[in-house]
Amino acid sequence: ASGTVTNALTGQPLQGAWVFLGPIRGTLGPPLLKTSTDAKGRFDFHAISCNWVQPLLAWKHGFVRKIFSPTLVPPPGMRTLRDLSRFHWEMDNLHFALVPAGVITGRITDRHGKPAVCVSVALIYHGDPSHPRRWGNPSAQTVTDDRGRYRFFELAPGRYSVAAQIRYAQAVATLTPVDSDSRSPRFGYASPYVYYP
């Protein structure tokens with residue numbers, strides 16, 4: 001298996017991009033092999049010995065990862081898994097065009113303008129552009145630091161919303177002042193989500 005990795009916006013080769021050879025089954029387990037691209041963005045796996053066609057994943061910091069899952073078309077006469085396991089396959093001149101990743105960052109304060117520490121922040125991706133107000137499951141979660149700041153990175157292009165929520169167990173454990181009109185908060189209690197935009 002060989003090919004190139006380039007910047008999808010500029011077309012320039014990406015040096016130092018990682019290319020992993022399977023297995024990728026929903027989660028990133030240990031790859032069988034890995035290599036990095038040269039100055040021309042090229043990668044090459046030599047003398048691969050696998051009992052099945054494996055997917056490849058290309059990744060570089062600051063870019064959205066990309067997976068290539070080859071489809072095996074067996075020659076005539078190969079009908080069983082044992083026959084296919086002996087089939088020699090080659091994938092040359094593969095091209096991974098990686099899209100530069102996005103970053104969403106911000107700061108959360110209380111009503112007095114002071115940093116809100118250890119506030120839960122969720123990032124929600126709107127995958128269906130025809131339904132921009134449809135909420136999906138959070139694609140990433142984090143908490144604010146001691147300055148009230150949060151940061152999500154290596155995001156694929158798309159439409160996102162940010163939701164913040166005070167979890168009083170976190171706030172009390174970190175001595176964060178919590179503004180609340182209710183009585184003394186209980187551990188495990190959480191305020192409603194506040195969305196932006």
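In which strand is the place of Ser2? The points below answer this and then move on to the whole chain and its cores.

1. In this predicted model, Ser2 lies in strand S1, which covers residues 2-7. Ser2 has a relative accessible area of 7%, and because buried means under 20%, Ser2 counts as buried.

2. The surroundings of Ser2 can be listed if its neighbours within four places in sequence are left aside: Ser2 is then in contact with Arg42, Phe43 and Asp44, and also with Met91, Asp92, Asn93 and Leu94.

3. Turning to the chain as a whole, the protein has 13 strands and 2 helices, and of its 197 residues 29% are buried. Among the contacts that join residues at least 6 apart in sequence, 64% link residues at least 24 apart. The chain exposes about 13,100 Å², of which 54% is supplied by carbon and sulfur atoms.

4. The largest nonpolar core has 15 residues, and those touching the most other members are Val5, Val19, Phe43, Phe45, Leu56, Phe96 and Leu98. At least two residues of this core come from each of strand S2 (18-21), strand S5 (56-59) and strand S7 (94-98), with S7 giving the largest share, 3 residues. In soluble globular proteins, nonpolar side chains tend to be buried together.

5. Phe45 deserves a separate look: with its neighbours within four places in sequence set aside, Phe45 is in contact with Ala1, Val19, Leu21, Leu33, Lys34, Thr35 and Leu56. There is also a second, separate core of 11 residues, and Ala116, Val119, Val121 and Tyr160 are among them.

Conventions. Residues are numbered from 1 along each chain as its sequence is written. This is a predicted model: local features need pLDDT of at least 70, side-chain atom pairs count only at pLDDT 80 or more; totals for chains, interfaces and linings use all residues. Side-chain values use heavy atoms; hydrogens and water are left out. Helices (H or I, at least four residues) and strands (E, at least two) are DSSP runs, numbered from the N terminus. Buried means under 20% relative accessible area, exposed over 50%, partly exposed in between (1.4 Å probe, protein chains only). Contact means heavy atoms within 4.5 Å. Accessible areas come from the Shrake-Rupley method with a 1.4 Å probe; for residues, only the protein chains shown count as cover. A nonpolar core is a set of buried Ala, Val, Leu, Ile, Met, Phe, Trp, Tyr and Cys residues joined through side-chain atoms within 4.5 Å.
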